[in-house]
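Hi everyone, thanks for making time.

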Amino acid sequence: MTAHNSGSGSGSGRVHRFRSARRVPAALTALVVLGVAALFLYDLAAVRAGRPGMNWRGDLADALANHTPADLGVQLIAGALVLAGAVLLLLALAPGLRRILPMLPPDQRAGVRAGLGRKDAAQILRDRAMEVSGVRSVRVKMGRSHVGVRATSHFRELDDVRADLDAVIAVGIEELGLAHPPQPRVRVRR
């Protein structure tokens, strides 16, 4: 379980997902790569316009003068750099702690957030499911919006085991105290 003190009570009643601290470094890296690419592009344009290139890049400018932007290799490299920059920006903006499920806080004004790891939540639900009579083995896969429960039964009717598992998993999910409770998908087989 993870706890985080945000220092400011939002009071909105809405619980947000945890975000990774890598957003700022990734954004800075993307901006540096973008700046270097823009510098190279500026130097290429200056050389193509007949102005002298940067002194420390004279050799590179000569190599670039031999390859025009119409060359397939130059276009592929430029496309790869654009794609790499877009991926870096996407990673900088996307939440990175997807393995932590946010929990409901007991008091919104306290500014304390709690989260439960997906593997931990799956283990708790697995232990609860193993207590159901007739269940031999259980696999639980915890996602953000769904819980996949695959059980093997060995002596009870499958419909009875499925009904008991549905009830136990529903209570288990409720007791986890998640901000966005996932929907269970229960499968039982022999």
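Predicted model: local features only at pLDDT ≥ 70, side-chain atom pairs only at ≥ 80, totals over all residues.

Okay, the patch. Which residues form the positive surface patch? It's made by five arginines you can pick out by number: Arg139, Arg150, Arg185, Arg187 and Arg189. Strand β6, covering residues 183-189, gives the largest share of that patch, with 3 residues.

Now let's zoom in on Arg150, one of the patch members. You'll find Arg150 in strand β5, which runs over residues 146-153. Its relative accessible area is 44%, so Arg150 counts as partly exposed; that label sits between the buried cut-off of under 20% and the exposed cut-off of over 50%.

Stay on strand β5, because Thr152 is there too. Is Thr152 buried or exposed? Thr152 has a relative accessibility of 12%, so we call it buried. And what is Thr152 in contact with, if we skip its neighbours within four places in sequence? The list is Gly134, Val135, Arg136, Ser137, Arg189 and Arg190. Notice Arg189 in there: that's a name from the positive patch.

Last stop, the loop between β1 (2-5) and α1 (23-48), where Arg14 lies. Arg14 counts as exposed because its relative accessibility is 56%.

Technical notes:
Residues numbered from 1 in each chain as written. Heavy atoms only, no water. Patch = residues over 30% accessible without salt bridge, like charges linked within 9 Å, V, L, I, M, F, W, Y side chains within 5 Å. Areas by Shrake-Rupley, 256 points an atom, 1.4 Å probe, with all protein chains shown as cover. Salt bridge = Lys/Arg side-chain N within 4 Å of Asp/Glu carboxyl O. Lys, Arg positive; Asp, Glu negative; His and termini not counted. Charge placed at Lys NZ, Arg CZ, Asp CG, Glu CD. Helix = DSSP H or I, 4+ residues; strand = E, 2+ residues; numbered from the N terminus. Buried < 20%, exposed > 50% of the residue type's maximum accessible area, 1.4 Å probe, protein only. Contact = heavy atoms within 4.5 Å.
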